[in-house]
Amino acid sequence: MKALLFDLDNTLYSASRALFNLIDVRINRYMHEVVGIAHERVDQLRRHYWQQYGVTLRGLMQEHGTDPEHYLHYVHEIDVSSRLDADPTLRAMLQQLPQRKVVFTNGSAEHALRVLECLQIEDCFEQVFDIRVSGYLPKPCEPPYCAVLRCLALPAGDCVMIEDSLANLQTAARLGMRTIHVAEQDDVLSDAAVDARVCRVHQVAHVLQGWQSRAGLQGVA
Ligand SMILES: [Mg+2]
């Protein structure tokens, strides 16, 4: 395992921080105030875009000609520091991991950097790959994963994807990556695409150590 690909939102910080709710509000406002969609249609259209295109942005681009850069700037204009603060435990864990570490998010790199700065882990990652990596195509579509692998110059088999979204992990697994599902709820069903499950991202080092010692034992046998 040479590289660790971390999702950002609800993975590197807990969903209980409800940071994404602030983005949700901005997306709804954008759809109503900028695109001109009636209030009562916004929720239903967002659901439709999610099912059809993976993220709201793709739906707005395809069906309303939305400028993706304007959208990304608008929806990420939130006060990240009102919900997040430094996470020294996470920082210590990331620093002790010898693998290359990158962030791979469906958001914007600017938002990712603000989040990483609030958590005080921005220097733990060599790069942030955002939704621009493959022409605004989001995870779980395959092209952004392939673009990240090309940039890293690594085969999928050398990478581990760490994510809260099962759909995003399913693509990673299909391409040959190992997967760690960050899921805080107890009632998560097991899935063939998931190699390990943790409640918090802080447990990732423990999982990796377990895999390594098992691989070491097999090497000896
Ligand atoms: Mg996420």
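Predicted model: local features only at pLDDT ≥ 70, side-chain atom pairs only at ≥ 80, totals over all residues.
The walk begins with helix 1, residues 19–34, and helix 2, residues 39–53. Their axes lie 10 Å apart and meet at an angle of about 125°. Angles over 145 degrees would count as roughly antiparallel and those from 65 to 115 as roughly perpendicular, so helix 1 is oblique to helix 2. The crossing of the two helices is right-handed. On the side of helix 1, the residues in contact are N28, M31 and H32; on the side of helix 2, they are H39, V42 and L45. Sorted by class, this contact has three nonpolar and three polar residues, and no charged ones.

Helix 2 can be checked for length. It has 15 residues, which at 1.5 Å a residue should span 21 Å.

Just after helix 2 comes G54, with a positive phi of about 95°. G54 belongs to the loop between helix 2 and helix 3, the latter covering residues 56–64. A residue needs 20 or more other C-beta atoms within 10 Å to be buried and 12 or fewer to be exposed; G54 has 18 such neighbours, so it counts as partly exposed.

Which residues does G54 touch, leaving aside those up to four places away in sequence? They are P138, P140 and C141. The C-alpha atom of G54 is also 7.3 Å from that of K139, although 85 residues separate the two along the chain.

K139 and P140 are joined by a cis peptide bond, with omega about 10°. P140 sits in the loop that runs between strand 3 (127–129) and helix 7 (142–152). Y136 is found in the loop between strand 3 and helix 7 as well. Y136 is not a glycine, yet its phi is positive, at about 70°. With 18 other C-beta atoms within 10 Å, Y136 is partly exposed.

Another non-glycine residue with a positive phi is Q120, at about 60°. Q120 lies in the loop between helix 6 (109–119) and strand 3. Is Q120 buried, exposed or partly exposed? Its C-beta atom has 15 others within 10 Å, so Q120 is partly exposed.

Conventions. Residues numbered from 1 in each chain as written. Axes fitted to C-alpha atoms, helices over the stretch in contact; angles between N-to-C directions. Helix = DSSP H or I, 4+ residues; strand = E, 2+ residues; numbered from the N terminus. Parallel < 35°, antiparallel > 145°, perpendicular 65-115°, else oblique. Left-handed = near helix turned anticlockwise from the far one by under 90°. Contact = placed C-beta atoms within 7 Å. Nonpolar A, V, L, I, M, F, W, Y, C, P; charged D, E, K, R; others polar. Expected span 1.5 Å × (residues − 1).
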